[in-house]
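Subject: Handover of a structure model

Dear colleague,

Please find below the structure that I am handing over to you. My notes on its cavities, pockets and strands follow it.

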Amino acid sequence: MLLSLDGSWKLFYFEPGQGVPKGAHRVDFPEEEAIAVDVPGEVHTALIRAGILPDPYYDENPEACGWVEDFEWWYRTRFTVPAALQGERFDLVFEGLDTLADIYLNGEKIGSAANMFTPYRFDVTTHLRRGEENVLAVCFHSATLEAEKKEVARYWAVYYKPRVWLRKAQMGWGWDWGPRLVTVGIWRPVRLEAHSVGRLAHLFAYTTRIAENGAEVRLIAEVEHLNADERPLAVQFLIHDRGQDWRVSAPVLDGKAETTLWMESAQLWWTHDLGTPHLYTLEATLLDGTRVLHTDATRFGVRTIEVDQSPGLEPDTTNFTFVLNGVKLFAKGADWIPADSLIGSIPAERYRALVRMAREANMNMLRIWGGGIYESPEFYNACDELGILVWQDFMFSCAAYPDDDEQFLQEVRREAEIVVKQLRNHPCIALWCGNNENQWIDSMVHWNDLNYPFFGKRIYDEVLPQVCAQHDPSRLYWPGSPWGGDDANSDKVGDKHNWQVWAGMVYPRTSREEPRSNTTPEGVSYRHYAHDRGRFLSEFGIHAAPALRTLQRNIPPEQFFYDSEGFLYRIKDPDTSRKERLFEAHVWQPRDIQEYVLLSQFVQAEGLKFGIEHYRRRKFECSGTLFWQLNDCWPGISWSVIDYYLNPKGAYHYVTRAFAPLLYTFRQEEDGSVTLWGVNDSLQKVSSVLRLRRMRLDGNMLADEEHTVHVPANSSQQLLHLPPAQDPAREILVVQVKRGHLAPDNVHFFAEWKHLHLPKATVQAEFVLKGQEGCQWECTLRSEQFAHFVHLVFPQDAVRVSDNYLFLLPGEPRTVEFTCPEPCDPRQIQIWGFNVERAEIAVKG
């Protein structure tokens, strides 16, 4: 039985150390000057609602919010225990406290917290006042001031060195895609629980074997005895699904009830592209004889997940291929950062919307990056239900962590045990990963001093693998991302981050080589993806602007011009000149913000498409592409393909097509000729009749052919070899499926964008109302000239559109459908494109 303490609390703040002397912990503390604060939530949002803080995302307002991290913050609430809540022990449970907290009940201190990522449970049986009002107060100390008391000279870290001492979202002190907003508060639910004799602490269900007629599932319940006699207890397990039940019981021995169950005709959990992500419910009942002490439930999927690391086809290489239920899987997806800088105030529907957008983009895996948080249950539930795997980093990123401090190491172990037990039932979790980039960066920082200790090694090589082996034998533990080979960022082993493109890093290197860079336009060009021989790409990306209206909404009018101070504040990458170098490599320099939005989104889209198609053609020499990054935490200019207001950038639609289950893709060879490849991620052989055209950009047809092609199941295969262009700046190749299994249209350009002779195009757009509410529309686009990167620019945020950022062939219409969050007038929609000079709009309905 439980009592939720979520809701509206009262908030106060003091100079550090002044709350207790002023009585903020006491029952009789005056509350007339309180600020209303939501639980779950955090302080910044409460202060914004109260008018104390400005909108933290407008202009340079994060700087005006900086004082919050220097104060002491107190939460207070009052509650009465209902008579129906009966038990021998009462526990006060905080699912998340951010970060350094002391907890007081009725004026008495009952405990402390020092880890944002873990729940805390306090026995308050003797402190609780039954039948009377209880006062709960939580004091949050300044995480920044406490961290800055620590010694940091030995530990390197990007952005803010003292952060390494705190088990708190590392990105809160600022990153190269987000502002410094150091959050504080009760950011996850709070409740009072009542128990007698014992309680179910953790449940675990995992698949040990799959056969044609069913699956073997291991069931484990961890039980906490609440009194000294530890009388014999038992756990009854029930798995049910749509009228089909499996039951089994097991005694509690040494704090655990364990058993194995055979599930006849079990339905497997698959990623959405391979099958149905079927979920079962496991219910557990803790029994004292026939007396029910506690019940708990969780969902799980019947599935196995492995990583094939057998020798590769190329010399001295090792595969890195996820195998789901015995089927090799090419991972398609992106890296995920927290969905808002104000982490405690992220609504559940935002998680659902972003995961849905990932699935609609044909993604089957997301990587939780190690500088944020272990995500909300809403995120993992959505991935479970929508069939998306999760590469789960532990929360260590871009730093040397103090593993020479035994108290810190002990806290890391406690955190890891809790996190693994919390998340292991989610079938979406595919892999546990020790950190983000720490081995790799350390090898570059200390490349000429191999005797310098690698701080963090004990975490990644001892603590985390031990915890994962003990508490989750069903998945691989991987020491870091990237990791594998002599250099942690090897082409030959494990996973790789490619930051040659955009940042100019030069590969390959060994751990004993001085890092090299080439930051010339040629050195940062996305054409370098064509030479990448990595086994599994877990990070690579290109910067781009959000929607123009996102910038208009957050940059003051007097600063709304290209490269103004207000504009550059949106870019947290320390080197804001990288954008110019990438423009020089591929297009031209923008003249204003609107052209910057167009060109940056264009280069990002074409670059990610170029890279993803290269990696997919190498299937299974390369077995995954997770690009940086899916989403944003604020309305900035970053590597995301979906901006803060859930507006897809051009790259979102490009990767949706590049990740299609069946893809026909061109590769330009060194001699100028072109090969056409088919990539098939389905488990059946596919056949298509392709229409292949070679044409000039002015519309003249040079060749128009049909080819019947076959692509084996789960494979990549070269299909055709085509001659070079006679006039590279004026010729293109176009492939379309005429009959058979569908795949997106694709186009190949022989020359760099800045050298193409593209015509000026006029696009006609006809809008037809499809629903009664004015929200659902169909739009047909056509042009008499070749038009590229043609897209609808909406006056609203978060419009759902079936396709966008298209190429139009002369005289051939393309139709898209879209749904606006509220009624919209198509006459307010703009038509942009890479070479669109004018748009003509007609509306019907």
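How many nonpolar, polar and charged residues does the lining of the second largest cavity have? By class, that lining has eight nonpolar, five polar and two charged residues. Here Ala, Val, Leu, Ile, Met, Phe, Trp, Tyr, Cys and Pro count as nonpolar, Asp, Glu, Lys and Arg as charged, and the others, Gly among them, as polar.

Two remarks on the source come first. This is a predicted model, in which local features need pLDDT of at least 70 and side-chain atom pairs count only at pLDDT 80 or more, while totals for chains, interfaces and linings use all residues. Residues are numbered from 1 along each chain as its sequence is written, and side-chain values use heavy atoms, with hydrogens and water left out.

Cavities

Cavities and pockets were found on a 1 Å grid over the protein atoms alone: a cavity is a set of points where a 1.4 Å probe fits but cannot get out, a pocket is an open set with protein on both sides within 12 Å along at least five of seven lines, and lining residues have an atom within 4 Å of a point. Grid points are joined across faces, edges and corners, and a volume is the space filled by probe spheres set on the points.

By this rule there are five cavities of 30 Å³ or more. The largest cavity has a volume of about 220 Å³. Its lining consists of 21 residues, and R549, P648, L792, V793 and Y805 lie nearest its centre. Two or more lining residues come from each of α9 (548-554), α12 and β42 (787-793); helices (H or I, at least four residues) and strands (E, at least two) are DSSP runs, numbered from the N terminus. The most is given by β42, with four residues. By class, the lining of the largest cavity divides into 14 nonpolar, six polar and one charged.

The second largest cavity, with which I began, has a volume of about 80 Å³. It is lined by 15 residues, of which H141, S142, A143, T183 and V184 lie nearest its centre.

Second largest pocket

The second largest pocket has a volume of about 1300 Å³. Among the 49 residues that line it, F610, R617, F666, R667 and Q668 are the closest to its centre. The elements that give two or more residues to this lining are α12 (593-617), α13 (650-658), β33 (662-668), β39 (746-749) and β44 (806-808). The largest share, six residues, comes from α12. The lining of this pocket has 20 nonpolar, eleven polar and 18 charged residues.

Strands

Strand β7 (residues 101-105) is mostly covered, as five of its five residues are buried, where buried means under 20% relative accessible area, exposed over 50%, and partly exposed in between (1.4 Å probe, protein chains only). Both faces of β7 are covered, with A101, I103 and L105 buried on one side and D102 and Y104 on the other. Two strands pair if DSSP finds at least two bridges between them. On this basis β7 pairs with strand β8 (residues 108-113) in the antiparallel sense over five bridges, and I103 has G111 in β8 as its bridge partner. Two residues lie between the strands in this hairpin, where N106 takes a positive phi near 55°. Five bridges also join β7 to strand β10 (residues 133-140), again antiparallel, and D102 stands opposite C139.

In strand β20 (residues 280-288), seven of the nine residues are buried. Strand β17 (residues 234-241) pairs with β20 in the antiparallel sense over seven bridges, while nine bridges join β20 to strand β21 (residues 291-300), also antiparallel. T285 of β20 stands opposite Q236 and opposite T295 in β21. The hairpin of β20 and β21 has two residues between the strands, and G289 there takes a positive phi near 70°.

An open sheet of four strands has the order β36-β35-β38-β39, with antiparallel pairing. Its edge strands are β36 (701-711) and β39, each of which pairs on one side only. Strand β38 (residues 731-740) is joined to β39 by four bridges, and L733 has H748 in β39 as its bridge partner.

A loop residue

S376 lies in the loop between β26 (365-368) and α4 (377-386). This residue is buried, because its relative accessible area is 12%.

With kind regards
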